[in-house]
Amino acid sequence: MATKPFAVIAGVGPGTGASIARKFAQAYSVVVLARNQSNYNGIVDEINSSGGQALGISADVSDSASVQSAFEKISQQYKDTPLAAAVFNSGGGFVRKPFLELTEEEFAGGFKSQGYTDDEHRLGAFNFAKATLPLLQQATGLQHPPTLIFTGATASVKGSANFSAFATGKFALRALAQSLAREFGPKGVHVSHVIIDGVIDIPRTKGWANEHEDGKLDPGAIADAYWHLHTQPRTTFGFELDLRPYVEKW
């Protein structure tokens, strides 16, 4: 059982998600969610072996039944424990392709992983928000306001050529975050959105050429920015941060 408040991070891999989990584990027990267990095993073992508390759960956030199952496990493990922070870090739905070459499935994928919902499916960020906001509203006795953070991208505010599917999903995610911030901010829950503009320095991008020193986003620094948002007092809630390397064009 957890002995301190917990944070839950959806979309954890060896880069940004792991860095966010590592940062929040300095103060909280952390739950990390990812489709594949191999994505979170390393960070869970690292946190637990260093004296922290971490739990990994395999979950597909675009599947409402999978999210429900994950949070049933969370409620068993963290009974009577407040949820301090929740981070939606899913990067799914990325497709770069000319519009006329897009398939319906590729275009719909941008919605499914991010914010879209219809009468039959509750997907992505919608599922995560539905599962975490009731817990965040119930949280008491915390040092910092309960917080829900969504990871956005350049495509959240700029629909570039060949990014119609990704931009549509990210625009929807930002709209969802903005609406939730206006609804739940007055209830004491800090909802925010972070625009990640540029290539993140993670294992998958290590070999990508970059002509500038420090020309990629540092995932540890991203995690620091998320922690900064979480620690803002109710008198100074910030909705949105733009994070980019100093050489990034925007």
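Which hand does the crossing of H5 and H6 have, right or left? The crossing of H5 and H6 is right-handed, where a crossing is called left-handed if the near helix is turned anticlockwise from the far one by less than a right angle, and right-handed if clockwise. Before going further, note that this is a predicted model, in which local features need pLDDT of at least 70 and side-chain atom pairs count only at pLDDT 80 or more, while totals for chains, interfaces and linings use all residues. Residues are numbered from 1 along each chain as its sequence is written, and side-chain values use heavy atoms, with hydrogens and water left out. Helices (H or I, at least four residues) and strands (E, at least two) are DSSP runs, numbered from the N terminus.

Two packed helices are described by the angle between their axes and the distance between the axes. For H5 and helix H6 (residues 164-184), the axes come within 12 Å and cross at roughly 20°; axes here are lines fitted to C-alpha atoms, for helices over the stretch in contact, and angles run from 0 to 180 degrees between N-to-C directions. H5 and H6 are therefore roughly parallel to each other, given that angles under 35 degrees count as roughly parallel, over 145 as roughly antiparallel, 65 to 115 as roughly perpendicular and the rest as oblique. Their contact (heavy atoms within 4.5 Å) is made by Ala125, Phe126, Ala129, Leu133 and Gln137 of H5 together with Leu173, Leu176, Leu180 and Phe184 of H6. By class, this contact of H5 with H6 has 8 nonpolar residues, 1 polar and no charged, where Ala, Val, Leu, Ile, Met, Phe, Trp, Tyr, Cys and Pro count as nonpolar, Asp, Glu, Lys and Arg as charged, and the others, Gly among them, as polar.

H6 itself has 21 residues and reaches 30 Å from its first C-alpha to its last, close to the 30 Å expected at 1.5 Å a residue, the expected span being 1.5 Å times one less than the number of residues. The buried residues of H6 include Leu173, Leu176, Leu180 and Phe184, as well as Lys170; buried means under 20% relative accessible area, exposed over 50%, and partly exposed in between (1.4 Å probe, protein chains only). An α-helix has 3.6 residues a turn, so residues three or four places apart point the same way.

H5 (residues 124-138) also packs against helix H3 (residues 64-77), with axes that come within 9 Å and cross at roughly 30°. That angle makes H3 roughly parallel to H5, and the crossing of H3 and H5 is right-handed. Ser64, Val67 and Phe71 of H3 meet Asn127, Phe128, Ala131, Thr132 and Leu135 of H5, and the residues of this contact divide into 5 nonpolar, 3 polar and no charged.

A further pair is formed by H1 and H2, whose axes come within 10 Å and cross at roughly 20°. That makes H1 roughly parallel to H2, and H1 passes H2 in a right-handed crossing. The contact involves Ala18, Ala21 and Arg22 of H1 and Ile43, Glu46 and Ile47 of H2; by class, it has 4 nonpolar, no polar and 2 charged residues.

Helix H2 (residues 37-49) has 13 residues and reaches 18 Å from its first C-alpha to its last, close to the 18 Å expected. Its buried residues are Tyr40, Ile43, Val44 and Ile47, and what covers them includes helix H1 (16-24), strand S2 (29-34) and strand S3 (54-58). Glycine 42 and glycine 13, 29 residues apart in sequence, are 9.0 Å apart in space, C-alpha to C-alpha. After H2 comes glycine 51, whose phi is positive, near 100°.

Most residues other than glycine have a negative phi, and most peptide bonds are trans.

Leaving aside neighbours within four places in sequence, histidine 190 is in contact with Pro146, Thr147, Leu148, Leu229, Gln232, Phe237 and Gly238.
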